[in-house]
Amino acid sequence: MAAKSLTLLGLLAAVSTVAGLCKPWEFRCEDGKCVGGWGRCDGGRHCGDRSDEEGCNVIPSVALPANASVTARVQYAHVHEAIELHLCSAHFCSTVWLRGVGEDGTLRYETFGGCNRLGRRGGTRKDHTDGYDFFPPGEKVLEAQHRPGRLAVWLQGRPDDVAEVPVEADYGTLRVRPWNWATDMPVEFNVTAGDCGASDLFKCKDGSGFIGGCVPGQRRCSGEEDCGDGSDEEGCDAHTVALPPNASVTVRVQFARLHRYVELHLCGARNCSTLMLHGERPDGTLAYEATASCNRLGRDCTNILEAHISGPHNFVFGEVVLEAQHRPGRLAVWPQGRPEDAAEVPVEADYGTLRVRPYVWSADMPVQFTGIRPPRLLPEDVDGALALSVEAAVDAGGVGLLFEERGEFGISSLLFSGTLL
């Protein structure tokens with residue numbers, strides 16, 4: 001009976017091959033064989049007659065030189081599974097696979113570097129696909145930009161949610177194809193050269209920027225004029241507050257993905273120390289870099305002290321609440337409610353102004369300073385094992401003194417009250 005079943009299955013397979021009854025996700029070779037559409041035009045041979053590697057020059061493509069942007073209108077179907085974008089030279093490509101969106105509507109994607117001339121068989125892969133749904137069928141409108149050293153892609157209207165992949169200097173042709181090329185996926189291009197159009201570029205007021213009238217957002221307020229009219233160096237102290245020694249402040253930041261990271265600078269008249277917060281890890285600890293000897297705007301730092309940026313990390317888009325304290329000889333910052341997870345950087349004696357900015361300042365990042373606590377006197381003993389702080393609380397003619405004993409195992413407090421004489 002088993003032998004008869006196997007014979008019947010073989011006959012059915014033969015009939016399917018001869019009749020060309022391929023499944024919806026399969027590509028029919030010229031010899032009638034059915035192969036997965038994902039292997040079409042990948043540089044390998046899946047059809048015995050190599051017909052899966054023919055006609056690859058019909059992949060929708062457009063010239064995309066450095067700093068140019070393009071809108072791609074893609075007619076997507078479920079059978080395509082993912083949308084691929086390749087930026088290529090004559091021999092190699094970098095590739096972005098758009099898999100779909102997560103529950104929060106952000107892109108889920110993979111990137112590949114060092115791909116062959118057809119955008120496949122890449123050697124460097126990065127996966128950003130945790131928890132996603134395929135795109136719903138219908139027209140998908142994508143924006144792509146050839147930025148310095150990378151290809152950036154986002155859904156139209158979502159410039160804060162960008163997929164990026166590094167590219168080589170000679171890459172200049174953009175191709176868009178379905179991941180599973182069992183059926184065609186029509187694409188229409190509309191190229192715009194020299195328009196900012198990207199989430200991480202700042203538009204110079206006079207249009208003099210070196211990237212189509214724009215400059216990289218991370219260069220804004222760097223201390224050097226990249227715009228001919230200097231507009232990238234205006235408004236640099238928009239989010240500052242006095243933070244003298246021993247004072248503390250709560251910092252409420254409206255963070256978006258396009259900002260990339262959150263920077264906090266503690267500065268004097270000429271120099272700053274900087275904490276660049278990359279995000280929070282799954283266990284709640286901060287990923288950050290600490291640098292000192294920076295210019296008056298917290299950039300061009302010459303002393304890189306620490307880099308704690310390993311492992312997955314990010315800030316949730318929306319309000320990020322931080323606590324900052326000017327401790328003796330250092331700036332300490334931590335997520336509200338996690339004082340045990342403080343990032344620190346050494347500071348100079350004359351530093352007393354706190355500045356908060358996004359790493360990529362192409363769009364503003366609203367900041368609110370609340371709960372500013374005035375300085376406290378913190379005389380410390382020589383070995384640092386014990387510190388005594390005295391805090392005066394004056395109310396209606398009375399005075400209170402708060403003594404804090406800071407030891408190895410925690411803080412104990414005693415409150416004394418009295419009357420002003």
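**Before selecting.** This is a predicted model, in which local features need pLDDT of at least 70 and side-chain atom pairs count only at pLDDT 80 or more, while totals for chains, interfaces and linings use all residues. Residues are numbered from 1 along each chain as its sequence is written, and side-chain values use heavy atoms, with hydrogens and water left out.

**Whole protein.** Display the cartoon: the secondary structure comes to one helix and 29 strands. Helices (H or I, at least four residues) and strands (E, at least two) are DSSP runs, numbered from the N terminus. Of the 421 residues, 47% are buried, meaning under 20% relative accessible area with a 1.4 Å probe and protein chains only. Among contacts (heavy atoms within 4.5 Å) between residues at least 6 apart in sequence, 58% join residues at least 24 apart.

**The largest pocket.** Select Tyr109, His128, Arg257, His313 and Asn314, the closest to the centre of the largest pocket among its 41 lining residues. A pocket is an open set of points on a 1 Å grid over the protein atoms alone, where a 1.4 Å probe fits, with protein on both sides within 12 Å along at least five of seven lines; lining residues have an atom within 4 Å of a point. The space in the largest pocket is about 1400 Å³, a volume being the space filled by probe spheres set on the points, which are joined across faces, edges and corners.

Next, colour domain 1 (61-194) and domain 2 (240-373): both give residues to the lining, so the largest pocket lies between them. These bounds come from an automatic or database domain assignment. Then highlight strand 7 (107-115), strand 8 (124-128) and strand 11 (163-166), each of which supplies at least two lining residues. Strand 7 gives the most, with seven.

**Ser89.** Move to the loop between strand 5 (83-88) and strand 6 (93-101), where Ser89 is found. Ser89 counts as buried because its relative accessibility is 16%. Leaving aside neighbours within four places in sequence, Ser89 is in contact with Asp170 and Tyr171.

**Strand 25.** Finally, select residues 353-358. Five of the six residues of strand 25 are buried, so this strand is largely enclosed by the rest of the structure.

Methods:
Buried means under 20% relative accessible area, exposed over 50%, partly exposed in between (1.4 Å probe, protein chains only).
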